[in-house]
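Dear colleague,

Please find the structure below, handed over for your records. My notes on what was found in it follow directly after.

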Amino acid sequence: MAAPAAAATLKRGGLVAFPTETVYGLGADATQAEAIARLYRAKGRPAFNPLIAHVADLAAAQAIARFGPQSLALARAFWPGPLTLVLPKAEGCPVAELATAGLETIAIRVPAHPVAHAILTALGRPVAAPSANLSGHVSPTTAAHVASDLDGRIDLIVDGGPVAVGVESTIVSCLDGPRLLRPGGLPRAAIERVLGHPLARVVTDEHADTAHPLAPGMLASHYAPRAAVRLNARSVAPGEALLAFGPAVLPGAADAAAVLNLSPRGDLVEAAAHLFGHLRALDRPGITAIAVMPVPMEDLGEAINDRLCRAAAGREAEQT
Ligand code: TXA
Ligand code: MG
């Protein structure tokens, strides 16, 4: 069993990549500032970007953050699962300042993956874990993706097979009323059903992010393949690869440089699970542009479109 070895490595201050139900995470013991510093270095991530603390259960979360009635209702409804809550830090919170980038708030989640749960239980401390990719690359959904980005830079990769959800957790802040910071693996409608009212979205703009890291992982360039990404494609131009969705065949598709389909039957859950793997597979030498078919905005489509827009914006930012 890999969990005791993973927990021992974390306890020594080591870096361990492990599966969660959303994407693979790169974990460090959240209470050890030096381990967190090594984690930022391994990812090549700007140090102002705060990390999510992963814990085994609600009781462990209540030891590091202050819950109110709404955050408690959300935690009870959706943990373990793909929901991250941003809450005020509890007094005496042992999480290193570096992990929260010096904020008075902390992002917490209880992952639903059995391997993640076993590691968190064995360690008995919060684990700070961003997605286990180099900064600027798409999030890894298999252990092979992790290895291709981070092999030689980290201590251990725990292979739990391909992840189930495929996009990162939904982030909701509960500070002065619940707000959606990042659409993700838990659809907005499910959260609104528990709250009993619509959830406001905080749209973070790239420049505002840099000055005030509300959710700096939301930088427009965060999910940038090297190839240019063209959204809402109704046809494929010569030389482009095609990221398809659904059964329709676009004009020009037969001559595409490569074709991958997020979900031939148009299923959004399947599409989320394939999103990052397909983007990685199409982002290879010889392919300079990826045409992406429209994906509907409902359900997990909100998170899928959010990541696709970032993939497209990242390339524009790089060109300017
Ligand atoms: O599904 C996930 O959430 C994955 C798996 C590994 O758990 N993790 C993940 O972590 O996506 P990362 O580091 O790639 O994204 C964390 C996001 C960033 O946008 C960060 O800015 C935001 O959470 N965040 C962390 N702490 C915050 C805080 N106190 N206030 C606002 N945003 C915060
Ligand atoms: Mg990430």
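In what order do the 4 strands of the open sheet stand, and is the pairing parallel or antiparallel? The order is E11-E14-E12-E13, and the pairing is parallel.

Before the details, a word on conventions. This is a predicted model, in which local features need pLDDT of at least 70 and side-chain atom pairs count only at pLDDT 80 or more, while totals for chains, interfaces and linings use all residues. Residues are numbered from 1 along each chain as its sequence is written, chains are lettered from A and ligands numbered from 1 in the order in which they are written, and side-chain values use heavy atoms, with hydrogens and water left out.

**Overall composition**

The protein chain has 10 helices and 14 strands; helices (H or I, at least four residues) and strands (E, at least two) are DSSP runs, numbered from the N terminus. Of its 320 residues, 55% count as buried, where buried means under 20% relative accessible area, exposed over 50%, and partly exposed in between (1.4 Å probe, protein chains only). Among contacts in the chain with a separation of 6 or more, 64% are between residues 24 or more positions apart; contact means heavy atoms within 4.5 Å.

**The open sheet**

To return to the sheet with the order E11-E14-E12-E13: strands E11 (228–230) and E13 (259–261) stand at its edges, each with a single partner strand, so one side of each has no neighbour in the sheet. On average, neighbouring strands are turned by 20 degrees against each other, direction ignored. Strand E14 (residues 289–292) runs parallel to E11 and is joined to it by 3 bridges; two strands pair if DSSP finds at least two bridges between them. Within this pair, Arg230 stands opposite Ala291 in E14.

**Helix packing**

Two packed helices are described by the angle between their axes and the distance between the axes. Axes are lines fitted to C-alpha atoms, for helices over the stretch in contact, and angles run from 0 to 180 degrees between N-to-C directions.

Helix H1 (residues 2–11) packs with helix H5 (residues 114–123) at about 50 degrees, their axes being 8 Å apart. H1 is therefore oblique to H5; angles under 35 degrees count as roughly parallel, over 145 as roughly antiparallel, 65 to 115 as roughly perpendicular and the rest as oblique. The crossing of H1 and H5 is right-handed, meaning that the near helix is turned clockwise from the far one by less than a right angle (anticlockwise for left-handed). Ala3, Ala6, Ala7, Leu10 and Lys11 in H1 meet Ala118, Ile119, Ala122 and Leu123 in H5. These contact residues divide into 8 nonpolar, no polar and 1 charged; Ala, Val, Leu, Ile, Met, Phe, Trp, Tyr, Cys and Pro count as nonpolar, Asp, Glu, Lys and Arg as charged, and the others, Gly among them, as polar.

Helices H4 (residues 69–78) and H7 (residues 188–195) pack at about 125 degrees, with axes 10 Å apart, and are therefore oblique to each other. Their crossing is right-handed. From H4, the residues Gln70, Ala73, Leu74, Ala77 and Phe78 meet Ala190, Ile191, Val194 and Leu195 of H7. This contact comprises 8 nonpolar residues, 1 polar and no charged.

**Individual residues**

Thr141, in the loop between strand E6 (127–128) and helix H6 (143–150), is buried, at 5% relative accessible area. Not counting residues up to four places away in sequence, Thr141 touches residues including Val23, Tyr24, Pro162 and Phe276.

Val146 belongs to helix H6 and is buried, with a relative accessible area of 0%. With the same exclusion of residues up to four places away in sequence, the contacts of Val146 include Ala17, Tyr24, Ile154 and Ile157.

**Backbone features**

Most residues other than glycine have a negative phi, and most peptide bonds are trans. The bond from Trp79 to Pro80 is cis, with omega near -5 degrees; Pro80 lies in the loop between H4 and strand E4 (83–88). Asn232 has a positive phi, near 50 degrees, and lies in the loop between E11 and strand E12 (241–244). Asp299 likewise has a positive phi, of about 55 degrees, and is found in the loop between E14 and H10.

Yours sincerely
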